[in-house]
Every structure is written in structure tokens, then in C-alpha cells.
Amino acid sequence: MPNTQELQDLVVQVRRDILRMVHKVNSGHPGGSLGCTEFFVALYNEVMELKDGFDMDGIGEDIFFLSNGHISPVFYSVLARRGYFPIEELNTFRLIDSRLQGHPTTHEGLPGVRVASGSLGQGMSVAIGAALAKKLNGDDHLVFSLHGDGELQEGQNWEAIMYAAGNKVDNLISTVDRNGQQIDGATEDVLPIGDVAEKFRVFGWDVLEIENGNDLEQVVAGLKEAKSRTGKGKPVCIVMTTEMGNGVDFMMHTHAWHGKAPSDEQLANALEQNPETLGDY
């Protein structure tokens, strides 16, 4: 396992990847990607049990589903730097015929991606199905998923959340990125979703909270604590508070960078705040 400094170096490099990918094509979603960088780095490099290579079945290893697929830049960067595909392929983000489309898809055969995502609200159902398949296969590994807080305004989530608890899907860890922002503004202004942790609790989940989802050590500890709570009859939810645009001062504390690319000058500013650590692609 990498040490804390190595993980932190990776966090900074992934931020650079996100910014450069989105800037090159003047398209993409940097805000939520930057806010979840620590989560992805921790999950893929410290927490999940992964096999060498990639296959769609994922038998004998932990698997992950990204529900809020618009934050694909962080997903692609972490997958590439974990060795799923060449880092240089990040150069093709959102280009015609690229495997790295704006929302992850499966028909291009990109290693690491097991489901097309981007139609919000569906990832929870997919993750539950995969978790039940693992139980049927006698596979004691876990299923992880990530969801946006604005995404919870979609009703299908709550049917799935109810189903998971009612059927004791206790090999599932679903994390909610509680950044309080969505495309049209603050979640509480667009459609208040209230106390997310308490909602999951009353739906029958075991819930824990990560107060600062941009503190790498807190994220690692929270994910490992969640793993320790699996197999006890309840699905596990992590409510993780993050800052959209974290690591770039002018992108933080606003929804404005949900889906906007930085200009040349803004990119230079953002990269100055995140010096190269592991080598740009």
C-alpha cells in the first residue's frame, strides 16, 4: 500500500489531470470531480481489494459503480494512474471515437468501467443488483458506489434504498457526496433534501459520516470503518461532506464550476495551486 504522502501526491496530480482534461476540450465537469478526488484516490489505492487486470464479472474482488457519471474526469484519472489503461489516453477525453466520453460508457470497452452512467438516480439500483449477484456467487467481496446529493432528488434512489435494507444487502457501501451544490445552485435552494444521514437511517441502513471528505486521512479511515460494518444485516451508507472545486480557490464555494471549463489564464492559476507531483500525461 502507498504511504500517506504518496497518496497525497496522487491527489494533487489527479487534480491536475482533471483540470487539463476539461480545459483541452472546453467541456466537462471539474467541480464535483475535484471535490471527490480524495475519495477516489483512497478507494482505488488503499481500500478496495482488486485483482490484477480487468474483467466485467469482477468475481473475487471489490467493485465500484459511479452513479453521478458526469464526474468522469476524476474517475478516468484515477483508473489510468491505477494502471487500468495508459495514462496518455487521458489526452483523448471527450474527443470523437475516444473511450473516455463525457459520461462513462461500456461499449468502448474501457477497463475499469462496468456500467454506463450519467442518467442520474440509477446507480444505486445497479450496485444493489451487483451486490446480490456476489451473494448468489458465494463471493464475499464488496460493492461500492458513489452518488451526488442533488442526485438523491431522483425518486428511484429511495425505492432502491428501501429495497437494499429490506433485503439485507449488507455487502454494499454507498457513499453520498454531500457538497451541497448542483447544476442550478445550492441543493437546498433547488429542492431541499434535508438530513441525508437520518433519512438513510430511518430507511434501515447503517450510516456513518465523514465530516471532511477532502481530508485524505479522514476519507481512508471512514471507508475502512464502513468495511468493518458490512456483513451485519444492513447496507452501509457514508455521508461525506466535500467542497465542490476543492483545491482550486476560485472554483470553491459555488456551483458555477459544476460543468464549466477554465480559460487559459484560469488553468494556469489552478495548476499553480496544484504543482506537478507524479508527471503530467
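Select Glu46 and Lys224 to begin: their side chains meet in a salt bridge, with N to O at 3.0 Å (a salt bridge is a side-chain nitrogen of Lys or Arg within 4 Å of a carboxyl oxygen of Asp or Glu). Because Glu46 lies in helix H3 and Lys224 in helix H9 (residues 216-228), the pair ties together parts that are 178 residues apart in sequence. Helices (H or I, at least four residues) and strands (E, at least two) are DSSP runs, numbered from the N terminus. Glu46 counts as buried at 14% relative accessibility, whereas Lys224, at 41%, counts as partly exposed. Buried means under 20% relative accessible area, exposed over 50%, and partly exposed in between (1.4 Å probe, protein chains only).

The model is predicted: local features need pLDDT of at least 70 and side-chain atom pairs count only at pLDDT 80 or more, while totals for chains, interfaces and linings use all residues. Residues are numbered from 1 along each chain as its sequence is written, and side-chain values use heavy atoms, with hydrogens and water left out.

**The sheet and its helices**

Next, colour the strands. Five of them form an open sheet with parallel pairing, in the order E1-E2-E3-E7-E6; two strands pair if DSSP finds at least two bridges between them. Strand E1 (63-66) and strand E6 (206-210) are the edge strands, each pairing on one side only. From one strand to the next, the twist averages 20°.

Now select helix H3 (residues 37-47), which packs on the sheet and touches E1, E2, E3 and strand E7 (236-241). The direction of helix H3 makes about 165° with that of E1. Contact means heavy atoms within 4.5 Å; axes are lines fitted to C-alpha atoms, for helices over the stretch in contact, and angles run from 0 to 180 degrees between N-to-C directions. Helix H5 (residues 123-136) lies across E1, E2 and E3, and runs at about 175° to E2.

**Inside strand E3**

Zoom in on strand E2 (residues 143-148) and strand E3 (residues 172-178), which run parallel and are joined by six bridges. Which residue in E3 is the bridge partner of His147? The partner is Val176. The C-alpha atoms of Val176 and His147 are 4.9 Å apart in space, although the two are 29 residues apart in sequence. Val176 counts as buried at 1% relative accessibility. Leaving aside neighbours within four places in sequence, the contacts of Val176 include Leu152, Phe200 and Val239.

**Further salt bridges**

The structure holds 15 salt bridges. Select Asp170 and Lys135, whose closest N and O atoms are 2.7 Å apart. Asp170 lies in the loop between helix H6 (155-166) and E3, and Lys135 in helix H5, so this pair ties together parts that are 35 residues apart in sequence. Asp170 is buried, with a relative accessible area of 10%, and Lys135 is partly exposed at 38%.

Glu188 lies in helix H7 (residues 187-190), so the pair ties together parts that are ten residues apart in sequence. Arg178 counts as buried at 17% relative accessibility, while Glu188 is partly exposed at 36%.
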